[in-house]
Each structure stands twice: as structure tokens, then as C-alpha cells.
Amino acid sequence: MAAIELDGLAKEYSGGVTALRGIDLDVRDGEIFGFLGPNGAGKSTTINILLDFVRPSGGSARVLGLDAQDDTQEVRRRTGVLPEGYTVYSRLTGRQHVEFVIESKDADDYADEILERVGIEDAADRKAGDYSKGMKQRLTLGMALVGDPDLLILDEPSTGLDPSGVQDVRRIVKEESDRGTTVFFSSHILSQVEAVCDRVGILRKGELVAVDTVEGLRDAAGTEARLRISVGEYEPEDVEAVRALEGVSEVQQRDGELIVSVADGSKTSVLTTLEDRGVAVNDFETEEASLEELFLSYTDEEVDA
Ligand SMILES: Nc1ncnc2c1ncn2[C@@H]1O[C@H](COP(=O)(O)OP(=O)(O)OP(=O)(O)O)[C@@H](O)[C@H]1O
């Protein structure tokens, strides 16, 4: 069973803004799925439809095998959510926030344990209104963890977090996934999801332009790597042979090094060609296209993905 199934999901807001243009997507049970897209791409709209805070204008959304619109209560009961821009109750303490969710979900968690997992146990009895932005975000994440949800939906979970907070989110996502929870989280920063996601989907102006592993995205985008090879003696013909290989766009020569711009899939053929021609390959390293470049190759206005 897919944990999330979107079938032709469309949304046009009353002002005439088309936020989603018919999305088809299956998020597998137990998967960690990164939902990526630039500002305004439609990520929050999708998440809000999954939880029935927004009604679609076309298509359907199923969550944990349930209809997102007809079985809303059951979906919400089994799902932990970190919504975008959640406002805390300023006069309630962190512990009271978590206790409130425990009660409303009829869960048997201990508030202190949850607060410890998200790293704000020392502030448990302080009013959440006085928390820093990052602490509020940690608290909201803690509230999403209550009740051992089958599905965790996190909308931009790293917003406002310092590097250790970002790492904590990663750790928690992995822990939850190890327990069998499906994790669906949105982000506009590819590098933040790469380390944890099994697959990512890239949304651009309401359309899903790619769904794949990060590695698969790299191959499909045809982004290039720079291969820096430290070589022994070689002849101009050896350089020409490398230059003639499929996928190689440029070869530069620099003090005992060849710097080859090559499509991600063709790195090995460069090295074997040199070796077959008797050129000693002493060492090599690759510099991959940055994740930012990769993301832009899918979402940039100029590029037809
Ligand atoms: N309630 C609303 N009424 C009208 N238009 C809306 C509403 N909510 C969102 N939109 C529009 O729908 C589009 C998608 O917005 P959405 O918030 O889903 O994007 P997002 O990918 O989550 O962006 P961000 O990364 O900035 O949070 C945008 O053009 C936005 O202005």
C-alpha cells in the first residue's frame, strides 16, 4: 500500500491562482520522501490537502489508504504534522503543549521524553511564547511525534534551526523511519534532504517535474562532474582520445594533471581509456555538480524540465 497516493491532484484558489496542476505521486509505505520546490511551487498546498485543511479542485488524495477528504479524522489521528508557520500558544509552557497533544490524541507518551528527544527539556516549564524561533520549531516537531504516528508530515522542518537543530531533525527522521513510519517532508533546499531521503519529488509551478533518488536526478539532469586526475607521462594523442569519449566536454592539462569535465555516468571510461593507453593514473578525485546547481536545473525558470 502506498502511504500517500495523489491522482491528478489539482488546486485553483478562489483568486484564480493555480497552485497544483494535476499531480500524480505514490509515496511508498516506510519511505522517507523529500518534497522539494522553490517558494510558491505548491508544497504547502499539497500538504494542506493531505490533511483536509484545503479542498482540491480536481483529482484525489489518499493517505494511509484512506481518502483525505472523507476520512479526515482517521488520517489526522494516525499522522504527525509539523505545519509551516505554526504559532505556539504564548502562555502555555512547552510541556503543556505536548501534554495537550497527548490528551487530544489519547496517546500514552511522556511529555518529558518527547521534549528531551527534540532537545528542549531544559525549557519544559517556560512559556513557549518566550522560546526562540528554533525552540518553537523543535517544540512543534515534538508535538508531531506524539502517538507514534504511521506518517510524519513535516513542512519545512529546518526553518529557523541552527546546524545542530538541522542534524537533530535528520536524526529524528531516521529514528522514526527505523520504526516503520513513513516520512514526507518539504524543503526548498536539496542539500538538507539528500542525506536522509530515499527519494525526492521536485515540484515546479504546481507540476511534479521529477521523482527519483538524488543520484537518479543527477544522472537524468546530465549534470557534469569535474574529474581531476593525477597522471604520469602522456602524449597529446592520449588527451585527444579522452576528449573524443562520449560524455566528455572538456579536457584541461595542468602540471601532471588532467582536468576532465564529464557527464556523471562516463567517469569510469575516462580512467580506463587512460590506463589502456599506458598512462599511469596515480590518483583522481571528482567534484560533482553542487546540489544547488542540480536543483536549479529542474526548477530554473529558463530551463524546460
Ligand atoms: N489561501 C490561498 N489563497 C490564494 N492563493 C494561495 C493560497 N495559498 C497559497 N496560494 C498560492 O498558491 C501557490 C502555491 O503556494 P504554496 O504555499 O502551496 O507554495 P509552497 O511551495 O509551499 O511555497 P513556500 O516554499 O514559499 O512555502 C502560490 O502562488 C500561493 O500564492
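**Notebook: loops, helix pairs and a ligand shell**

I started with Asp 52, which sits in the loop between H1 and strand E4 (58-63). A reminder to myself: this is a predicted model. I looked up phi for Asp 52 and got a value near 60 degrees, which is positive even though the residue is not a glycine. Is Asp 52 buried, exposed or something in between? I found 19 other C-beta atoms within 10 Å, so Asp 52 goes down as partly exposed. Being buried takes 20 or more.

Next entry: Asp 106. I found this one in the loop between H3 and helix H4 (111-117). I counted 8 other C-beta atoms within 10 Å of Asp 106, so I wrote it down as exposed. The cut-off there is 12 or fewer.

Then I went to His 188. I placed it in the loop between strand E8 (182-187) and helix H7 (190-194). Is His 188 buried or exposed? It has 20 C-beta neighbours inside 10 Å, so it counts as buried. Which residues does His 188 touch, if I ignore its neighbours within four places in sequence? My list reads Leu 36, Gly 37, Pro 38 and Asn 39. I also checked His 188 against Val 169: they are 19 residues apart in sequence, and their C-alpha atoms are 15 Å apart in space.

Asn 39 turned up again when I looked at the ligand. I noted 14 residues around the ligand, and the closest are Tyr 13, Ala 19, Asn 39, Ser 44 and Thr 45. Which helix gives the most to this shell? I wrote down helix H1 (residues 43-50), with three residues. Sorting the shell by class gave me four nonpolar, eight polar and two charged residues.

On to helix pairs. Two packed helices are described by the angle between their axes and the distance between the axes, so I looked up both for two pairs.

Pair one is helix H3 (residues 94-104) with helix H5 (residues 133-145). Their axes come within 9 Å and cross at roughly 25 degrees. That angle makes H3 roughly parallel to H5, because the cut-off for roughly parallel is under 35 degrees. I put the crossing of H3 and H5 down as right-handed. On the H3 side I listed Gly 94, His 97, Val 98 and Val 101, and they meet Leu 139, Gly 142 and Met 143 in H5. By class, this contact has four nonpolar and three polar residues, with no charged ones.

Pair two is helix H8 (residues 214-221) with helix H11 (residues 291-299). Here the axes come within 10 Å and cross at roughly 65 degrees. I noted a left-handed crossing for H8 and H11. H8 brings Leu 217, Arg 218 and Ala 221 to the contact, and H11 brings Leu 294, Ser 297 and Tyr 298. I sorted these residues into four nonpolar, one polar and one charged.

Last, I stepped back to the whole chain. I got eleven helices and 14 strands. The C-alpha trace spans about 75 × 45 × 35 Å along its principal axes. Of the 305 residues, 37% count as buried. I also looked at contacts between residues at least 6 apart in sequence: 70% of them join residues at least 24 apart.

Notes:
Residues are numbered from 1 along each chain as its sequence is written. This is a predicted model: local features need pLDDT of at least 70, side-chain atom pairs count only at pLDDT 80 or more; totals for chains, interfaces and linings use all residues. Axes are lines fitted to C-alpha atoms, for helices over the stretch in contact, and angles run from 0 to 180 degrees between N-to-C directions. Helices (H or I, at least four residues) and strands (E, at least two) are DSSP runs, numbered from the N terminus. Angles under 35 degrees count as roughly parallel, over 145 as roughly antiparallel, 65 to 115 as roughly perpendicular and the rest as oblique. A crossing is left-handed if the near helix is turned anticlockwise from the far one by less than a right angle, and right-handed if clockwise. Two residues are in contact if their C-beta atoms, placed from the backbone, lie within 7 Å. Ala, Val, Leu, Ile, Met, Phe, Trp, Tyr, Cys and Pro count as nonpolar, Asp, Glu, Lys and Arg as charged, and the others, Gly among them, as polar. A residue is near a molecule or strand if its C-beta atom, placed from the backbone, lies within 6 Å of it.
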